[in-house]
Amino acid sequence: MLDRAAKTFFHLLARSRTLKTLASKYGMRRPESFARRFIAGEGVQEAIGVARAVQNRRMHLTLDLLGESVTNLEEADAATRQYLTVIDAVIESGIERNVSLKLTQLGLDVDKASAVDNLRKILERAEPAGFFVRIDMENSPYTDVTLEIFETLWSHGYRQIGVVLQSALHRSEADLARMNALGARVRLVKGAYKEPKGLAYQKKADVDAAYCRMLQILLTDGHYPAIATHDPAMIDAARNWAREKNVPPDAFEFQMLYGIRRDLQTMLVNEGYRMRVYVPFGREWFPYFMRRLGERPANVSFVIRGIVGERG
Ligand code: FDA
């Protein structure tokens, strides 16, 4: 679902303040509200409830406190403190200890050194408690700096961290070789952002072909890689390659987003594969939500029905 026009449209909508205000007002207020299809709730306890349900389905999870592109250091500090609170709540709850975060949420746009400090504060609390922390990959202006920060922390001895590579970007196959050489855990995705022609494949077939090449390298040479996709063709490619190369099912995991292709999630678990569900929550859910709509415009009619229903 990499239709370029749809992605452009939803990326423009994602910047609309009016739409954000409307969506924020109606999207989550009731258990049946439309945004809850993709977002676990606004508070950490709601997210923990959803995470427990995921675990009851014999799946793993990663919790993502939504937020990105903060514009000042106070917001970045606040996001860092919130993450520390989330870590404490997860410890208290007894659910699996795994979180995902974005560097622009920790202040990368404002000051790189502060963002790194903030990440370190989170890792200092998370690593000794046995958490795994995945640094999500944002759009292409952040690729270099994200990998650079990851490599710096790795060189300082942090090992319970992982990166994300996007098959849509031309550079990613070279980045993959670098990350494999380092011993890093990679989550492979197609890429959620609209990217320029010079940097990224524009046709779904090319993004998919790169994804297949990368998943083969990851399954053979990677370090407990995550194959993150809802695309049955990519999943088949991973299963077939793993079988052919005798890669056991516990040497990698599939990952999917909360609310998407639950049927496939269950099928893979029943077949004996590991499945991790990405559980996003928090008040700043609008940009994440718009990316999900951009991937599958068919979701829009269900949102419009939701807004009309909520207001009526
Ligand atoms: P594709 O878009 O081709 O969709 C294949 C099929 O999946 C569709 O036909 C449909 O059935 C289903 N599907 C996909 N999206 C759907 C939706 N929104 N609603 C309903 N059905 C849908 N990206 C990124 O740039 N940085 C990151 O850090 C991450 N992190 C991440 C973590 C995890 C666990 C996942 C699963 C994905 C990401 N992504 C991401 C998002 C990723 O880049 C990509 O945008 C989406 O996964 C959609 O691509 P697919 O591989 O699913 O294929």
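Modeller: Domain bounds here come from an automatic or database domain assignment. This is a predicted model, in which local features need pLDDT of at least 70 and side-chain atom pairs count only at pLDDT 80 or more, while totals for chains, interfaces and linings use all residues. Residues are numbered from 1 along each chain as its sequence is written, and side-chain values use heavy atoms, with hydrogens and water left out.

Biologist: Which residues belong to domain 1 and which to domain 2?

Modeller: Domain 1 is made of 1–38 + 285–305, and domain 2 covers 40–283. Their C-alpha centres are 21 Å apart. In the contact between them (heavy atoms within 4.5 Å), domain 1 contributes 16 residues and domain 2 contributes 24 residues.

Biologist: What area is buried between domain 1 and domain 2?

Modeller: About 1800 Å² is buried there, and carbon and sulfur atoms give 54% of that area. Buried area is the accessible area (1.4 Å probe) that two parts lose on being put together, summed over both.

Biologist: And how many salt bridges are there between the two domains?

Modeller: There are 2 salt bridges between domain 1 and domain 2. The term requires a side-chain nitrogen of Lys or Arg within 4 Å of a carboxyl oxygen of Asp or Glu. E46 and R36 form a salt bridge, with their closest N and O atoms 2.8 Å apart.

Biologist: Which helices supply the side of domain 1 that touches domain 2?

Modeller: Helices are DSSP runs (H or I, at least four residues), numbered from the N terminus. Both α1 (4–13) and α11 (286–295) supply at least two residues of that side. The largest share, 5 residues, comes from α11.

Biologist: Changing topic, which residues are closest to the ligand?

Modeller: The ligand is surrounded by 26 residues, the closest being K190, G191, T229, H230 and E295. A residue counts as near if one of its heavy atoms lies within 4 Å of the molecule.

Biologist: Where do polar atoms of Q166 and K204 lie relative to the ligand?

Modeller: A polar side-chain atom of Q166 is 2.8 Å from an oxygen atom of the ligand. For K204, a polar side-chain atom lies 2.9 Å from an oxygen atom of the ligand. R292 uses a polar backbone atom, 2.9 Å from a nitrogen atom of the ligand.

Biologist: Back to salt bridges: what does the pair E148 and K112 tie together?

Modeller: Their side chains meet at 2.5 Å, N to O. E148 is in helix α6 (residues 143–155) and K112 in helix α5 (residues 112–126), so the pair ties together parts 36 residues apart in sequence.

Key: Polar contact = N/O pair within 3.5 Å; in protein donor to acceptor, adjacent residues only side chain to side chain.
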